[in-house]
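Please keep the sequence and the 3D view open as you go.

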Amino acid sequence: MVCKVNLCSEKVGSRKLRILIAGGGIGGLVLALGAKKRGFDVKVFEKDLSAVRGEGLHRGPIQLLSSALAVLEAIDQDVARRILEEGCITGNRTNGLADGLSGKWFAKYDLERPAVERGLPVTRVICRMALQQILLNGIGKDIVCNNSKVVNFIEDSSRVTVILDDGRTFEGDVLVGADGIWSKVRSKLFGAQEAVYSNYTCYSGLTDFVPPYIDSIGYRVFLGLNKYFVASDVGNGKMQWYAFHKEPPKSSDPPSGKKKRLLELFRSWCSDVSTLILETPEDMILRRDIYDRDMINSWGNGRRVTLLGDAAHPMQPNLGQGGCMAIEDSYQLILELGKVNMRNSDEDNQLNQISESLNRYQRKRMFRVKTVHKVSRLASEMLSTYKPSLDFGLSKLSSVFGVQITNYAIDMARKFMQWCCQLFMVWMIAGHGLWWKRKNTLVAAA
């Protein structure tokens with residue numbers, strides 16, 4: 001059965017661009033929303049929408065940096081308003097890195113001032129299920145095809161045809177693989193490749209607990225040797241935390257359970273960590289091994305197919321930027337596809353325009369995505385060797401000269417890390433969001 005994606009009536013000589021999207025996660029839904037607002041014909045194929053929302057529960061709330069929020073505003077102001085209202089602002093409080101044992105701050109970064117100065121929304125966290133539901137409501141149920149997993153595609157000079165696992169086929173002008181780290185579209189483009197294990201497993205917990213520091217601290221990463229712990233306010237009287245531990249993949253927990261193991265792993269850490277674990281019920285603690293993939297220099301075949309988000313560049317969650325990068329990808333892709341003129345053009349000309357637009361999208365996104373991907377991996381490597389007390393082997397010199405050289409070196413390292421963190425976060429907040437905010441919004445008629 002072949003289905004042509006024609007959601008709107010077409011006039012001769014004014015056919016709309018037809019976009020097929022494999023995957024109904026955050027990236028795929030934002031892309032569909034942008035395509036709809038632009039006036040394109042669009043269809044999303046998701047294998048199980050309940051699983052998408054279920055995955056949201058397992059992975060916890062998502063952080064939306066100012067740049068991603070600015071993109072959402074440019075795509076659909078009503079949808080963005082609902083997201084801003086639903087989200088919990090964390091960027092207006094202290095955020096940064098702390099020592100796991102003592103709880104003392106190692107480096108802080110300001111998420112509020114760089115955003116306010118540029119007229120951008122302040123960083124928020126939002127429940128993934130709430131975010132996905134808002135996006136689904138904005139898109140409309142007729143655009144999202146549930147129980148529909150893309151397993152293959154065929155393309156020629158005039159169209160691309162997706163093949164679903166139940167045998168149905170759909171035709172369109174462009175196929176976007178937004179189907180995550182285990183993407184079938186990516187495998188078809190470049191062959192099956194194993195994902196890379198990060199050497200870390202991740203426990204996540206969501207607890208009904210309001211700590212005494214709730215009004216002053218939004219997001220904190222506690223550092224330790226071969227493990228680290230992330231804690232964030234997520235609003236509505238809840239705290240979300242992630243405990244990362246370096247160990248072989250597919251390891252198992254003892255019969256006593258995850259909570260008891262975590263209390264043992266972090267037994268010597270500060271009370272801000274242990275209290276969150278203690279306050280979390282066993283059934284609200286989940287575990288998954290962390291994988292990513294090596295960066296690739298091409299996300300498509302240069303014709304009618306490309307990748308987006310985790311399908312193109314899955315990242316470790318050290319920076320919490322996987323969803324934000326997918327949102328930025330979606331906006332850039334729609335901007336480029338908006339330059340394709342489908343009116344009164346022959347098939348060869350249309351194909352050339354589509355190919356050029358996909359190549360421009362890739363070129364304009366590659367540097368930013370590569371940088372974030374590299375930093376997320378670098379952060380993991382640095383965490384593997386972190387020690388609460390940095391030892392530069394200068395203790396003998398300290399005793400000779402009567403000065404605390406080691407302490408001075410630690411202080412300098414902290415100041416350097418503080419400077420680097422703040423500089424990077426400003427780039428993340430404003431690097432693309434600022435010029436996107438100043439450009440015409442996406443909702444202009446195609």
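## About the model

This is a predicted model, in which local features need pLDDT of at least 70, side-chain atom pairs count only at pLDDT 80 or more, and totals for chains, interfaces and linings use all residues. Residues are numbered from 1 along each chain as its sequence is written, and side-chain values use heavy atoms, leaving out hydrogens and water.

Three strands in the order 4-8-5 make an open sheet with antiparallel pairing. Its edge strands, each pairing on one side only, are strand 4 (62–64) and strand 5 (88–89). Strands here are DSSP E runs of at least two residues, and helices are H or I runs of at least four, numbered from the N terminus; two strands pair if DSSP finds at least two bridges between them.

Strand 4 is joined to strand 8 (residues 124–126) by three bridges. Leu 64 has Arg 124 in strand 8 as its bridge partner.

## Helix 10

Helix 10 (residues 322–337) has 16 residues, which at 1.5 Å a residue should span 22 Å; the end C-alpha atoms are 23 Å apart, in agreement. The expected span is 1.5 Å times one less than the number of residues. Of the 16 residues, 15 are buried (under 20% relative accessible area, 1.4 Å probe, protein chains only).

## Ser 198

Look for Ser 198 in strand 14 (residues 196–207). Ser 198 is buried, with a relative accessible area of 6%. Leaving aside residues up to four places away in sequence, Ser 198 touches Ile 290, Gln 316 and Ser 380 (contact means heavy atoms within 4.5 Å).

The side chain of Ser 198 also reaches the backbone oxygen of Ile 290 at 2.9 Å.

Conventions:
Buried < 20%, exposed > 50% of the residue type's maximum accessible area, 1.4 Å probe, protein only. Polar contact = N/O pair within 3.5 Å; in protein donor to acceptor, adjacent residues only side chain to side chain.
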